[in-house]
Amino acid sequence: MATTIRPEHPDDHAGIEEVNRLAFGQDNEARLAAKLRQADGFDPALSLVALRDGKVVGHILFSPIHIETDRGEVPALALAPMAVLPECQQQGIGSQLVREGLEACRRAGYDILVVVGHAEYYSRFGFTTASRFGIRAPFPVADEAFMALGLAPHSLDEISGVVRYPPPFEDVS
């Protein structure tokens with residue numbers, strides 16, 4: 001079955017909420033996506049949906065964050081949330097969302113991404129432990145689960161500091 005990936009449209013919002021709620025088994029990520037959509041810096045080109053027969057079956061969102069370093073703030077993006085309907089998982093939809101999302105981030109001019117997630121999954125896209133670069137989370141998280149990716153050569157060189165997320169992330173647990 002063919003899957004189409006494209007930036008979200010306003011009529012996708014209910015589908016995005018459903019995908020996140022069902023994939024995570026709770027409302028936190030669905031609320032996060034809705035709040036991030038209203039936050040400063042939201043770019044609909046960085047909120048992608050996966051469609052099958054016109055139905056939203058997957059969603060990925062990249063939001064502006066920054067890394068506080070001793071030389072000032074460095075702009076970056078957080079990958080969160082990323083979800084696929086349970087009945088559509090293990091079919092490559094999530095991987096397709098991540099790959100196309102990374103390209104959208106490059107086109108938007110971003111060089112650095114962070115994600116909290118499964119190391120085995122995200123490492124196949126080039127993510128590695130953020131601590132390797134001296135990048136720290138502002139909350140307790142397993143080292144292997146907090147990862148970073150440089151989209152341009154040397155973009156993570158000499159970037160060390162603490163990631164600062166926008167307020168909508170404060171309600172996610």
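Biologist: How many nonpolar, polar and charged residues are in the lining of the largest pocket, by class?

Modeller: The lining has 21 nonpolar, 10 polar and three charged residues. Here Ala, Val, Leu, Ile, Met, Phe, Trp, Tyr, Cys and Pro count as nonpolar, Asp, Glu, Lys and Arg as charged, and the others, Gly among them, as polar. Bear in mind that this is a predicted model, where local features need pLDDT of at least 70 and side-chain atom pairs count only at pLDDT 80 or more, while totals for chains, interfaces and linings use all residues. Residues are numbered from 1 along each chain as its sequence is written, and side-chain values use heavy atoms, with hydrogens and water left out.

Biologist: Which residues lie nearest the centre of that pocket?

Modeller: Those are Phe24, Met82, Val116, Gly117 and Tyr122, out of 34 lining residues. The space in the pocket comes to about 1000 Å³. A pocket is found on a 1 Å grid over the protein atoms alone: it's an open set of points where a 1.4 Å probe fits, with protein on both sides within 12 Å along at least five of seven lines, and lining residues have an atom within 4 Å of a point. Points are joined across faces, edges and corners, and the volume is the space filled by probe spheres set on them.

Biologist: And which element gives the largest share of the lining?

Modeller: That's β4, with seven residues. Helices (H or I, at least four residues) and strands (E, at least two) are DSSP runs, numbered from the N terminus.

Biologist: Switching to the core: which residues have the most contacts inside the largest one?

Modeller: Met82, Leu97, Leu113, Tyr122, Phe127 and Ile135, in a nonpolar core of 56 residues. Strand β4 (residues 72–84) gives the most to this core, nine residues. By nonpolar core I mean buried Ala, Val, Leu, Ile, Met, Phe, Trp, Tyr and Cys residues joined through side-chain atoms within 4.5 Å. Buried is under 20% relative accessible area, exposed is over 50%, and partly exposed is in between (1.4 Å probe, protein chains only).

Biologist: What does Leu97 touch?

Modeller: Leaving out residues up to four places away in sequence, its contacts include Ile5, Leu48, Ile60 and Met82. Contact means heavy atoms within 4.5 Å.

Biologist: OK, charges now. How many salt bridges are there?

Modeller: Four in the whole structure. The cut-off is a side-chain nitrogen of Lys or Arg within 4 Å of a carboxyl oxygen of Asp or Glu. One of them joins Asp12 to Arg6, closest N and O atoms 2.6 Å apart, and both residues are buried. Another joins Arg37 to Glu8 at 2.9 Å. That pair links distant parts of the chain, 29 residues apart: Arg37 is in helix α2 (residues 28–38), and Glu8 is in the loop between β1 (4–7) and α1 (13–24).

Biologist: Why does Arg37 count as buried?

Modeller: Because its relative accessibility is 15%. Glu8 counts as buried too, at 7%.

Biologist: What about Arg164 and Glu68, how far is it from N to O?

Modeller: 3.3 Å, in a salt bridge. Arg164 is partly exposed, at 31%, and so is Glu68, at 35%.

Biologist: Last one: where is Pro166?

Modeller: In the segment after β9. Pro166 is buried at 18% relative accessibility and touches Leu36, Pro64 and Ile65, not counting residues up to four places away in sequence. The C-alpha atoms of Pro166 and Ala39 are 8.0 Å apart, though 127 residues separate them along the chain.
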